[in-house]
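Here's a quick briefing for anyone meeting this structure for the first time. Have a look at it below, then read on.

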Amino acid sequence: MRREPRPLTARQEAVLAVIRSSLAERGRGPMVREIGERVGLSSTSSVAHQLGRLEARGLIARTGRDWSTCVLVEEQPARRPGLRSRGPGAGADGYGRRPAS
């Protein structure tokens with residue numbers, strides 16, 4: 001049985017919003033202290049914990065060592081089981097089958 005992922009907490013949503021706005025305004029992620037100030041966390045450890053949880057869920061990724069290098073990960077559309085790709089090379093009929101020659 002497959003479990004549905006838990007919804008994001010209000011704090012996780014707030015951290016994502018800060019990251020999103022920083023990327024849009026400045027083209028880079030915010031510093032840990034800046035995130036803390038904007039979401040009401042005084043401990044940088046608490047901010048790092050929230051960022052770690054978001055990274056573990058695959059919502060953000062770091063391009064470097066520091067959290068200020070984080071970027072949002074594009075959500076992939078859910079694939080329905082049993083459907084094949086209709087992309088390039090999928091076959092003439094779009095289902096991986098080639099027409100009989």
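Contact here means heavy atoms within 4.5 Å. With that in mind, Ser22 is in contact with Gly27, Arg28, Gly29 and Pro30, leaving aside its neighbours within four places in sequence. This is a predicted model, where local features need pLDDT of at least 70 and side-chain atom pairs count only at pLDDT 80 or more, while totals for chains, interfaces and linings use all residues. Residues are numbered from 1 along each chain as its sequence is written, and side-chain values use heavy atoms, with hydrogens and water left out.

**Ser22**
- Ser22 sits in helix 1; helices here are DSSP runs (H or I, at least four residues), numbered from the N terminus.
- Ser22 counts as buried because its relative accessibility is 1%, buried being under 20% relative accessible area (1.4 Å probe, protein chains only).

**Helix 2**
- In helix 2 (residues 32–39), the buried residues are Glu34, Ile35, Gly36 and Val39.
- Those buried residues pack against helix 1 (10–26) and helix 3 (44–56).
- Val39 touches Arg11, Ala14, Val15 and Val18, leaving aside its neighbours within four places in sequence.

**Helix 1 meets helix 2**
- The axes (lines fitted to C-alpha atoms over the stretch in contact, with angles from 0 to 180 degrees between N-to-C directions) of helix 1 and helix 2 come within 10 Å and cross at roughly 125°.
- Helix 1 and helix 2 are therefore oblique to each other; angles under 35 degrees count as roughly parallel, over 145 as roughly antiparallel, 65 to 115 as roughly perpendicular and the rest as oblique.
- On the helix 1 side, the contact is made by Arg11, Ala14, Val15, Val18, Ile19, Ser21 and Arg26, and on the helix 2 side by Glu34, Ile35, Arg38 and Val39.

**Helix 2 meets helix 3**
- Helix 2 and helix 3 pack at about 95°, with their axes 9 Å apart.
- That makes helix 2 roughly perpendicular to helix 3.
- Val32, Arg33, Ile35 and Gly36 of helix 2 make the contact with Thr44, Val47 and Leu51 of helix 3.

**The core**
- The largest nonpolar core has 14 residues, and those with the most contacts inside it include Val15, Ile19, Ile35 and Val39; such a core is a set of buried Ala, Val, Leu, Ile, Met, Phe, Trp, Tyr and Cys residues joined through side-chain atoms within 4.5 Å.
- Helix 1, helix 2 and helix 3 are the elements that give two or more residues to this core.
- Helix 1 supplies the largest share of this core, 4 residues.

Definitions and conventions: Buried means under 20% relative accessible area, exposed over 50%, partly exposed in between (1.4 Å probe, protein chains only).
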